[in-house]
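Please find below a short note on the model under review. The points are arranged by structural element and may be read alongside the coordinates.

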Amino acid sequence: MAEDRIRIGIIGTGSRGINNIGQHVAEQSAALDVSVTALCDSSQERLRVGAGQLNAAAVAAGNAPFTPALYADAADLIHDDNVDLIAITTPTSAHREAAIPALESGKKVYLDKPMAHTVADAVAIRETELRTGNPLIMGFTRRYERPWLELYSLLERGVIGELRMMLIRAVLPYSRYFHTWHRNRAISGGALNDKGSHYADVFNWFGRGRAVQVNAFGGRHVFIPRDDTPEYCPDCDDAGCPYRAVSAEDLSTDYRHGAIDETFYQGSDALHRKDQCVYKPGADIFDHASAHYRYDNGVVATIFYNVYGPRADDEETFELVGTRGRMILTRLRGEIDIVTDYPERRHEVIECKADAFETSHFGADRKLIQDIAAFARGRKLPVDGSEGLEATRVILAAMQSIDAGGRTIRMADVPDVPGP
Ligand SMILES: NC(=O)c1ccc[n+]([C@@H]2O[C@H](COP(=O)([O-])OP(=O)(O)OC[C@H]3O[C@@H](n4cnc5c(N)ncnc54)[C@H](O)[C@@H]3O)[C@@H](O)[C@H]2O)c1
């Protein structure tokens, strides 16, 4: 083994841990000199299946298979001497219990977004990061996605003048939030936390300021609880239901849109199953929201969001309005539409897809692994726990506002950790 090789341990061998992170490590292991030396999952069955999927990806890419140690307990992986970097991809409520000892171990830590399901957990992780002087890297994928990086560069170059307004429009075909553990706030912090933490981070990044107040509205339009449906999709004979969970065997679709492998529908535990009926009672998350922020530099920002949208190539757009024009990024098309009026009218569409655009998160996960490898070798990266905490504060303040019927929440009243 080369001395410089980065040895990665993954805690949580589910969709994100294996089908995104693991897949891109497996594909780039030789090029980046990285390997997966340990895996941990609380489900033995998922651990076995995840390890198999990981090695199938390595072999398919022409790389050597891995021989990872398999653990049921995260502490054993964290203290394995064969691990240099710990990647945490467990459900969100389990981030804290892994992130704190991982940071304390002194090893490099990758933590997936959202940082936590509560502000208290995000504060605890951030405090540990500061106390240990061990900055983690957060998995805000848009920070690694080429069109978003290009958009930021255009903004910095003054193409639309001074930024005044931001709008993220997310009309998403993400009924899967009601199939999985995301349906419980006690685990996910809400579907809005899961998806909206990306958007809050984008606002904080592009806005170059701090949110000072938010008000928001939301609730349930479509996924209203019913007591006349079976608990799980395979037990349901409504073949025409547009919100049926898709299994991996019916893979005319792909994992991005929620296809699930056998581990997640044969298990008996509702926590692990990804084929719960969207109408099954017990979900306590929103299926739509509209949130409005004011930043300390006068910028205003809006999230317009639902998870019952149709599949469409404009399902997620990000619009920036400045004093001299506007830009709209259309994520699924990998393009930026620019209109400026001053000093002369100009309309331009820039195509800026990343190389591996068809892979997970439009090529961002591939780049993320390259950045994780650089981070493990000592390069400082822009997204650490301070961005993770701020995004959690900003998005959970919107949920607090929705719960309070749209009342304005002052960010000064949301717990925070002072900078170093
Ligand atoms: N960066 C992104 O864009 C992105 C995309 C998808 C998911 N995520 C995040 O990744 C995390 C995982 O999501 P997922 O979709 O992969 O979930 P998943 O359910 O597919 O996988 C989670 C895995 O963790 C295991 N697990 C649960 N508790 C555990 C514990 N205490 N110790 C060890 N293993 C445990 C489960 O058995 C499961 O296999 C979430 O926080 C999610 O928000 C981020």
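How many bridges join strand β1 to strand β2, and do the two run parallel or antiparallel? The points below begin with this pair.

1. Basis of the note. The model is predicted, so local features need pLDDT of at least 70 and side-chain atom pairs count only at pLDDT 80 or more, whereas totals for chains, interfaces and linings use all residues. Residues are numbered from 1 along each chain as its sequence is written, and side-chain values use heavy atoms, with hydrogens and water left out.

2. The β1–β2 pair. Strands β1 (residues 6–11) and β2 (residues 34–40) run parallel and are joined by six bridges. Within this pair, I6 has V34 of β2 as its bridge partner. Helices (H or I, at least four residues) and strands (E, at least two) are DSSP runs numbered from the N terminus, and two strands pair if DSSP finds at least two bridges between them.

3. The parallel sheet. The two strands belong to an open sheet of six, ordered β3-β2-β1-β4-β5-β6, with parallel pairing. At its edges lie β3 (69–71) and β6 (137–138), each of which pairs on one side only. Helix α10 (residues 364–376) packs on this sheet and touches β1, β2, β4 (85–88), β5 (108–111) and β6; contact means heavy atoms within 4.5 Å. The direction of α10 makes about 155 degrees with that of β5, where axes are lines fitted to C-alpha atoms, for helices over the stretch in contact, and angles run from 0 to 180 degrees between N-to-C directions.

4. Strand β13 (residues 335–340) is largely enclosed by the rest of the structure, because six of its six residues are buried (under 20% relative accessible area, with exposed over 50% and partly exposed in between; 1.4 Å probe, protein chains only). E335, D337 and V339 point one way, while I336, I338 and T340 point the other. In a regular strand the side chains alternate between the two faces of the sheet. I336 is the bridge partner of L329 and stands opposite I350 in β14.

5. The hairpins. Four residues separate β12 from β13, and in this hairpin G334 takes a positive phi near 60 degrees. The hairpin of β13 and β14 has five residues between the strands.

6. Cysteines. Taking a disulfide as a pair of cysteine sulfur atoms within 2.5 Å, the count is zero. C241 is in no disulfide, the nearest cysteine sulfur being that of C236, 6.4 Å away. For C277, the closest cysteine sulfur is in C233 at 6.0 Å, too far for a bond. C277 counts as buried, at 9% relative accessibility.
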